[in-house]
Amino acid sequence: MTLMNILPFARFLLAGAVTEGDLAIDATVGNGHDTVYLAERVGDRGHVFGFDIQAEAIAAAAARLAERGLHGRVTLFQQSHSELLTALPCDVHGRIAGAVFNLGYLPGGDKQIVTKPESTIQAVEQLLSVMKPGGVIVLVVYHGHPEGKIERDALLDYVRSLDQQHVHVLKYEFLNRRNDPPFILALEKRQAEIAPFPRSAPK
C-alpha cells in the first residue's frame, strides 16, 4: 500500500528528527523495540534514555540491546516518564532530538498496568522544555481499551491547546478502519525556549 501504516509512519517521523550523534528518548520502553531502533539511529556518538515503570520491560529491553551490542548507547530508568526532567543529566537539556511513546499496556504483560493521561501529559510538557528546536515527539495512541479512550481524549484536548508559535501538532490516522485502530500524534518544537509550557492564548 502507498499510505504508511501507523508504526512505519512513526519510524519515518523519528528518522527525520534523529540522526547520528543525537540524543533521544524512549518514554515507554516496553519490550525494547523502539529503544533498539533509536540506539541504531544515534550511533556510537549519540545516546538514548529509556523509561518504564515495569522491571519486566527494563529487563527485556536490556537483553535485546545486549544481543545487538547496543547497551552502551542506552541508559534505562525504571521509573515513570513523568520524572524524566529530574532523571536526565542536566547537560542534555536543550539537546534532545526525538522521543517516542507507545501508549497503553505492555504487549504480553499485565493489561491492568496502563499509561495514564496525567503522567503522559506531564512527560510531554517536560520533553518540550528539554528538546532542541526541530525536535519531534511521536505518540502512538492505542485507544481500544477503556483507559485508552480516557487517555486519548485528554491528550487531544492538551495538544489542541498548544500554541502553534511554539509547537506544531500533527494527527495521523486511518478514518475507516474498525475496532479503534491506533493513531499518531506528533509534536515538533519550533523554538528554543518553552517555559512555562505554553498553551493557546485565552480568547
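In what order do the elements of the protein run from the N terminus on? They run α-β-α-β-α-β-α-β-α-β-α-β-β.

**View 1. The whole protein.** This is a predicted model, in which local features need pLDDT of at least 70, side-chain atom pairs count only at pLDDT 80 or more, and totals for chains, interfaces and linings use all residues. Residues are numbered from 1 along each chain as its sequence is written, and side-chain values use heavy atoms, with hydrogens and water left out. The protein has six helices and seven strands. Helices (H or I, at least four residues) and strands (E, at least two) are DSSP runs, numbered from the N terminus. Of the 203 residues, 51% are buried. Buried means under 20% relative accessible area, exposed over 50%, and partly exposed in between (1.4 Å probe, protein chains only).

View 2. Helix α3 spans residues 55–67. Its 13 residues reach 18 Å from first C-alpha to last, close to the 18 Å expected at 1.5 Å a residue. That expected span is 1.5 Å times one less than the number of residues. Ala 57, Ile 58, Ala 61 and Leu 65 are buried in α3. Seen down the helix axis, the buried residues fall within an arc of 95 degrees, so they line one face of α3. The arc is that of the directions from the axis to the C-beta atoms. Their cover includes α2 (33–42) and β3 (74–77). Just after α3, Gly 69 takes a positive phi of about 70 degrees.

**View 3. Aromatic rings around Phe 9.** The whole structure holds five aromatic pairs. Rings of Phe, Tyr and Trp (its six-membered ring) pair if their centres lie within 6.5 Å; planes under 30 degrees apart count as stacked, over 60 as edge-to-face and the rest as tilted. Phe 9 and Phe 12 have ring centres 5.8 Å apart and planes at 25 degrees, so they are stacked. Both sit in helix α1 (residues 6–17), three residues apart, or about one helical turn. Phe 9 is buried, at 11% relative accessible area. Phe 12 is partly exposed, at 48%. Phe 9 also stacks with Tyr 172: the centres are 3.9 Å apart and the planes at 20 degrees. Tyr 172 lies in strand β6 (residues 167–172), so this pair ties together parts 163 residues apart in sequence. Ring pairs link Phe 9, Phe 12, Tyr 172 and Phe 174 into a cluster.

**View 4. Arginines over rings.** Arg 177 lies over the face of Phe 174, at 3.9 Å from the ring centre. Arg 11 lies over the face of Tyr 37, at 4.4 Å. A charge sits over a ring if NZ of Lys or CZ of Arg is within 6 Å of the ring centre and within 35 degrees of the ring normal.

Key. Contact means heavy atoms within 4.5 Å.
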